[in-house]
Amino acid sequence: MPIKIPNNLPATNILEGENIFVMYENRAYSQDIRPLKILLLNLMPTKITTETQLLRLLGNSPLQVDVDFIYTATYSPTNTPQEHLIKFYETFDAVKSKKYDGMIITGAPVEQMPFEKVAYWDELCKIMEWSKTHVYSTFHICWGAQAGLYYHYGIPKHDLPQKMFGIFPHQKCVIEEEKLFRGLDDIFYVPHSRHTEIRREDIEKVPAVRILAQSAMAGVYAVADRKGRQIFITGHSEYDPLTLKAEYDRDVAQGLPIHVPCNYYPNDDPAQTPVVIWRSTANLLFSNWLNYYVYQETPFDLSRL
Ligand SMILES: CC(=O)SCCNC(=O)CCNC(=O)[C@H](O)C(C)(C)COP(=O)(O)OP(=O)(O)OC[C@H]1O[C@@H](n2cnc3c(N)ncnc32)[C@H](O)[C@@H]1OP(=O)(O)O
Ligand SMILES: N[C@@H](CCO)C(=O)O
């Protein structure tokens with residue numbers, strides 16, 4: 001939330017110089033407040049787990065948030081109980097006449113397929129096109145980010161020689177104070193779990209987007225368009241303490257080539273309990289997005305979007 005201070009307090013200049021968000025009295029008096037409308041396009045096979053993880057982070061805010069859930073009409077999820085989808089989810093057709101302050105497009109375990117081979121690719125393209133006129137800011141996660149960068153900007157994904165798997169240190173790579181990372185430490189940690197990557201050199205060819213943060217080990221982390229209406233995040237800040245363990249144990253049980261997740265278990269020993277070093281980053285990332293990129297920028301009257 002912004003700090004509301006008298007119009008001519010000396011601290012105003014100092015805080016504005018640090019890019020701390022200050023709201024003048026006269027704007028505060030005229031600011032209308034209403035609940036935020038967020039759409040969650042859940043492409044994960046673990047839909048209930050993912051909903052819970054994302055709602056936990058969206059709930060860490062004084063803002064009221066109304067969430068609608070959608071899944072794909074052109075691909076029927078096999079791992080989520082039908083009753084759950086019927087009770088809590090809609091498809092795009094049911095929501096496409098509405099407008100939203102924010103949308104989240106999740107990851108999906110389809111990154112090793114060409115985009116066009118994914119069963120719901122055409123539907124996802126329609127949703128991403130619609131998001132440009134019906135959503136103020138869209139937050140894309142992992143494969144959702146790769147899909148968005150490819151659809152909107154033609155940026156390709158590339159196979160990695162081995163899975164990017166573990167908790168990696170990151171740094172912002174823009175000079176100015178970036179609102180998405182406000183309050184984060186100079187080095188912050190994020191889980192990654194993917195077989196593909198997007199590359200700096202491909203992104204730098206597209207003037208409409210810029211890289212906001214990266215990791216020396218895990219590569220590009222955060223990309224955004226110039227207005228912050230599209231955010232693309234390659235990691236999984238929302239993951240629970242034991243999500244990487246579940247993925248690791250699953251792959252070991254199936255005899256797949258998998259290494260112990262980096263920086264996760266004490267002494268890299270899978271018998272020990274992982275130590276969470278990414279939770280505070282996750283909470284700040286989502287509350288910063290909700291506050292600075294959604295709440296402060298979206299029109300009060302969404303029909304004017
Ligand atoms: C890069 C990222 O975004 S990472 C995010 C993805 N992370 C995860 O999915 C982690 C959790 N997932 C898992 O552990 C596993 O996928 C499991 C255990 C849930 C299921 O694994 P399996 O039984 O081996 O695979 P299964 O054949 O059921 O397909 C898994 C998922 O792949 C996706 N999928 C597979 N083929 C297709 C396809 N042709 N088109 C679209 N989606 C597909 C679906 O999401 C499917 O799950 P769903 O039907 O419930 O939506
Ligand atoms: N995080 C995913 C990667 C596959 O897209 C998994 O381990 O299942």
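**A buried histidine and its surroundings**

Histidine 236 is buried, because 22 other C-beta atoms lie within 10 Å. Buried here takes 20 or more other C-beta atoms within 10 Å of the residue's own; 12 or fewer is exposed, anything in between is partly exposed, and C-beta atoms are placed from the backbone. This is a predicted model: local features need pLDDT of at least 70, side-chain atom pairs count only at pLDDT 80 or more, and totals for chains, interfaces and linings use all residues. Residues are numbered from 1 along each chain as its sequence is written, while chains are lettered from A and ligands numbered from 1 in the order in which they are written.

Confidence comes next. The protein chain has a mean pLDDT of 92, and 90% of its residues reach 70 or more. pLDDT is the predictor's confidence in each residue, from 0 to 100. The model scores ipTM 0.92 and pTM 0.93.

Back to histidine 236. It sits in the loop between β12 (230-233) and α9. Helices (H or I, at least four residues) and strands (E, at least two) are DSSP runs, numbered from the N terminus. Beyond neighbours within four places in sequence, histidine 236 is in contact with Gly107, Ile141, Cys142, Pro191, His192 and Ser193. Contact means C-beta atoms, placed from the backbone, within 7 Å.

An unreviewed UniProt entry places the feature "active site" at Cys142, His236 and Glu238. These residues are spread over 97 residues of sequence, yet they cluster in space, with a largest C-alpha distance of 11.1 Å. UniProt positions follow the numbering used here, feature names are shortened, and annotations may be inferred rather than shown by experiment.

Glutamate 238 also lies in the loop between β12 and α9. It counts as buried because it has 26 C-beta neighbours inside 10 Å. Leaving aside neighbours within four places in sequence, its contacts are Gln53, Leu54, Leu57 and Ala282.

Now the ligands. Ligand 1 is surrounded by 22 residues, the closest being Pro45, Asn79, Gly107, Cys142 and Trp143. A residue is near a molecule if its C-beta atom, placed from the backbone, lies within 6 Å of it. β9 (188-197) and α9 (243-253) each supply at least two residues of this shell. Ligand 2 is surrounded by Pro109, Glu111, Ser193, Arg194 and Glu247.

Proline 45 is 33 residues from threonine 78 in sequence and 7.5 Å away in space, C-alpha to C-alpha.

How values were computed
Two residues are in contact if their C-beta atoms, placed from the backbone, lie within 7 Å.
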